[in-house]
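Please open the structure in your viewer and keep the selection tool at hand.

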Amino acid sequence: TWGGEVKPESGEWKLACTKADWGNDVEVCAQLEYTEKRNGLISLMSLGLKRNLIGGGHMQAVLSGFSKVRAAFEFPFGGDRVGFNQVNFGYNLQYDIASGGLKQGVTIT
């Protein structure tokens with residue numbers, strides 16, 4: 001699947017592609033963009049994947065602009081009805097490669 005966005009007034013644009021591999025239960029994506037950041041207009045390439053895990057959980061990982069790595073894990077617990085008898089546990093992290101900074105978080109919904 002291909003998608004894109006253009007903002008002529010600012011000169012920004014994005015082009016993305018996603019592909020699902022049903023045999024391995026994985027979805028991969030790539031995005032190329034020319035966008036406004038602190039230092040002006042720059043180009044970025046991001047790569048990511050989403051994988052379903054045993055038991056209904058899933059994992060997402062993204063390498064954003066070759067400078068940040070983000071990962072998110074979500075695991076359901078309890079019953080089979082979301083919002084009624086099921087609780088989701090999430091673990092998120094972001095690592096900034098340039099500065100060496102690490103952010104982490106836990107969510108329970």
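Is Cys29 buried, partly exposed or exposed? Cys29 is partly exposed, with a relative accessible area of 36%. Please note at the outset that this is a predicted model.

**First stop: the cysteines**

A disulfide requires the two sulfur atoms to be within 2.5 Å. Cys29, for its part, is in no disulfide, and the structure as a whole holds 0 disulfides.

**Second stop: a salt bridge**

Select Glu12 and Lys7 next. Their side chains meet in a salt bridge, with 3.8 Å from N to O. Side chains of opposite charge can pair when their charged atoms come close. How many salt bridges does a search of the whole structure find? The search finds 1.

Glu12 belongs to strand β2. Ser43 and Glu12 are 31 residues apart along the chain, and their C-alpha atoms are separated by 9.5 Å.

Clear the selection, show the surface, and select Trp2, Val6, Trp13, Leu15, Leu32, Met45, Leu47 and Phe66. These residues form a nonpolar patch on the surface, and together they have about 820 Å² of accessible area. Which strands each supply at least two residues of this patch? They are β1 (2-7), β2 (12-21) and β4 (40-52).

Centre the view on Phe66, a member of the patch. Phe66 is placed in the loop between β5 (58-64) and β6 (68-78). Its phi is near 55°, a positive value in a residue other than glycine.

Move to Asp25, in the loop between β2 and β3. What is the phi of Asp25 near? The value is near 55°, which is positive although the residue is not glycine. Asp25 is partly exposed, with a relative accessible area of 32%.

Select Lys14, Lys37, Arg38, Arg70 and Lys103. On the surface, these residues gather in a patch of positive charge. Where is Arg38 placed? Arg38 is in the loop between β3 (26-37) and β4. With 84% relative accessibility, Arg38 counts as exposed.

**Last stop: strand β8**

Finally, select Ile108, which lies in strand β8 (residues 101-108). Is Ile108 buried or exposed? At 63% relative accessibility, Ile108 counts as exposed; the cut-off for that word is over 50%. Pro76 and Ile108 are 9.7 Å apart in space, C-alpha to C-alpha, and 32 residues apart in sequence.

Methods
Residues are numbered from 1 along each chain as its sequence is written. This is a predicted model: local features need pLDDT of at least 70, side-chain atom pairs count only at pLDDT 80 or more; totals for chains, interfaces and linings use all residues. Side-chain values use heavy atoms; hydrogens and water are left out. A salt bridge is a side-chain nitrogen of Lys or Arg within 4 Å of a carboxyl oxygen of Asp or Glu. Patches are made of residues with over 30% relative accessible area and no salt bridge: like charges are joined within 9 Å, nonpolar side chains (Val, Leu, Ile, Met, Phe, Trp, Tyr) within 5 Å. Accessible areas come from the Shrake-Rupley method with a 1.4 Å probe; for residues, only the protein chains shown count as cover. Helices (H or I, at least four residues) and strands (E, at least two) are DSSP runs, numbered from the N terminus. Lys and Arg count as positive and Asp and Glu as negative; His and the chain ends are not counted. The place of a charge is taken as NZ of Lys, CZ of Arg, CG of Asp or CD of Glu. Buried means under 20% relative accessible area, exposed over 50%, partly exposed in between (1.4 Å probe, protein chains only).
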